[in-house]
Amino acid sequence: MDEVKTSVQSLHEELKAYLNDHRRGERLRNGVQITIVGEPNVGKSSLLNALCLRPAAIVSPIAGTTRDIVESAFDLGGYPVVFSDTAGLRSTDDLIENEGIRRATARAQTSDLILLVVDSSNLPELPALIDSSPQRPHQSLISQRLSEFGMQISSDQKVHLLFNKIDLLPPDALNSLREKFPSDCHFVSCTEDQGMTEFVTGLTDVVKDLCGGASVGEANLTQQRHRQHLQQCSARLDHFWTLLAGEDVVLATHEIQQALRCIGRITGHVYVEEVLEVIFRDFCIGK
């Protein structure tokens with residue numbers, strides 16, 4: 001029995017390590033999901049076009065040009081990414097634009113990284129934010145904007161602040177802005193190609209961190225289905241320890257069998273009982 005306990009404990013710890021991978025494998029398979037959000041006309045579509053080096057999104061001075069989500073998938077530093085340009089977030093009576101805003105919010109809340117774009121030449125609330133939070137003005141600005149947009153994000157989501165249109169700022173004003181905000185904030189001009197090289201370099205580091213810097217030969221969960229089966233397996237092993245503590249060896253053994261079935265659904269091992277169950281459930285045998 002001691003040998004069985006040791007083997008089960010080792011397996012359980014290995015399962016937990018795989019499940020605690022922060023979805024690295026899924027990101028490597030499906031791409032890191034990056035959503036660009038912000039108010040209308042702050043340069044979201046221009047940013048997408050500058051990143052993918054093609055006119056993927058329509059750029060216009062008319063507010064509300066982008067209404068649906070515009071996706072562009074490409075390679076960034078050897079890692080797959082999927083950028084989503086979204087509708088400008090604002091209050092409007094336009095039903096179609098409101099639907100675009102709803103989709104933008106929903107996409108951002110499920111993404112791995114949010115790029116919050118602001119117009120650096122139009123920040124009337126900035127002095128008050130700096131006065132209220134001189135040490136962390138970027139967090140105050142992010143919280144304020146996301147709150148205005150009605151956006152709730154999870155604790156493991158990353159939000160990066162990007163100041164666009166720096167070409168419209170006098171040099172002194174730009175230097176002052178850089179001094180007040182930390183190095184992980186980005187300062188660019190999408191139309192004049194200013195700061196884009198530094199931004200892409202920094203963004204590549206963030207994407208690499210999200211993917212965990214996975215190396216060749218390292219095992220990762222790449223499908224949600226596999227993750228679900230391992231979660232079920234881990235839950236069965238939790239039940240095993242609970243039953244074993246109550247000295248119910250028979251039921252504890254049953255939990256081990258069920259845990260093996262969960263792993264078998266990943267490896268392709270199918271039990272005879274499962275084949276018979278499918279036959280009698282899906283075909284008119286004996287009817």
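Predicted model: local features only at pLDDT ≥ 70, side-chain atom pairs only at ≥ 80, totals over all residues.
Colleague: How far apart are the end C-alpha atoms of helix α6?
Modeller: Helix α6 runs over residues 137-148, which makes 12 residues. At 1.5 Å a residue these should span 16 Å, and the model agrees with that expectation, because the end C-alpha atoms of α6 are apart by 16 Å.

Colleague: Which residue just after α6 takes a positive phi?
Modeller: Helix α6 covers residues 137-148, and the residue in question comes just after this helix. Its phi is positive, at about 65 degrees, and the residue is Gly150.

Colleague: Which strands are at the edges of the open sheet?
Modeller: The open sheet has 6 strands with mixed pairing, in the order β2-β3-β1-β4-β5-β6. An edge strand pairs on one side only, and this holds for β2 (70-76) and β6 (186-187).

Colleague: How many bridges join β4 to β5?
Modeller: In the order of the sheet, β4 stands between β1 and β5. Towards strand β1 (residues 32-37), β4 pairs in the parallel sense over 4 bridges, and there Thr35 stands opposite Ile114. Towards β5, the bridge partner of Leu113 is Lys158; these two strands also run parallel, and the number of bridges that join them is 7.

Colleague: Which residue in β6 stands opposite Phe163?
Modeller: β5 and β6 pair in the parallel sense over 2 bridges, and β6, which spans 186-187, is an edge strand of the sheet. Opposite Phe163, the residue that stands in β6 is Phe187.

Colleague: How many of the residues of β4 are buried?
Modeller: In a regular strand the side chains alternate between the two faces of the sheet. In β4, Leu113, Leu115, Val117 and Asp119 point one way, whereas Ile114, Leu116 and Val118 point the other way, and all are buried. The strand is thus mostly covered, and the count of its buried residues is 7 of 7.

Colleague: Within what arc do the buried residues of α9 fall, seen down its axis?
Modeller: Helix α9 (residues 224-245) has 22 residues and reaches 32 Å from its first C-alpha to its last, close to the 32 Å expected at 1.5 Å a residue. Its buried residues are His226, Arg227, His229, Leu230, Cys233, Ser234, Leu237, Phe240 and Leu244. They line one face of the helix, because seen down the axis of α9 they fall within an arc of 160 degrees.

Colleague: Which helix gives the most to the lining of the largest pocket?
Modeller: About 340 Å³ of space lies in the largest pocket. It is lined by 26 residues, and the closest to its centre are Asn41, Val42, Gly43, Ser46 and Ser60. The helix that gives the most to this lining spans residues 44-52 and contributes 3 residues; it is α3.

Colleague: What percentage of the residues in the protein is buried?
Modeller: The protein has 11 helices and 6 strands. Here a residue counts as buried when its relative accessible area is under 20%. By that criterion, of the 287 residues in the protein, the buried ones make up 41%.

Note on methods
Residues numbered from 1 in each chain as written. Heavy atoms only, no water. Expected span 1.5 Å × (residues − 1). Pairing = 2+ DSSP bridges. 1 Å grid on protein atoms, 1.4 Å probe; cavity = no way out; pocket = protein on both sides within 12 Å on 5 of 7 lines; lining within 4 Å. Points joined across faces, edges and corners; volume = space filled by probe spheres on them. Buried < 20%, exposed > 50% of the residue type's maximum accessible area, 1.4 Å probe, protein only. Arc of directions from axis to C-beta.
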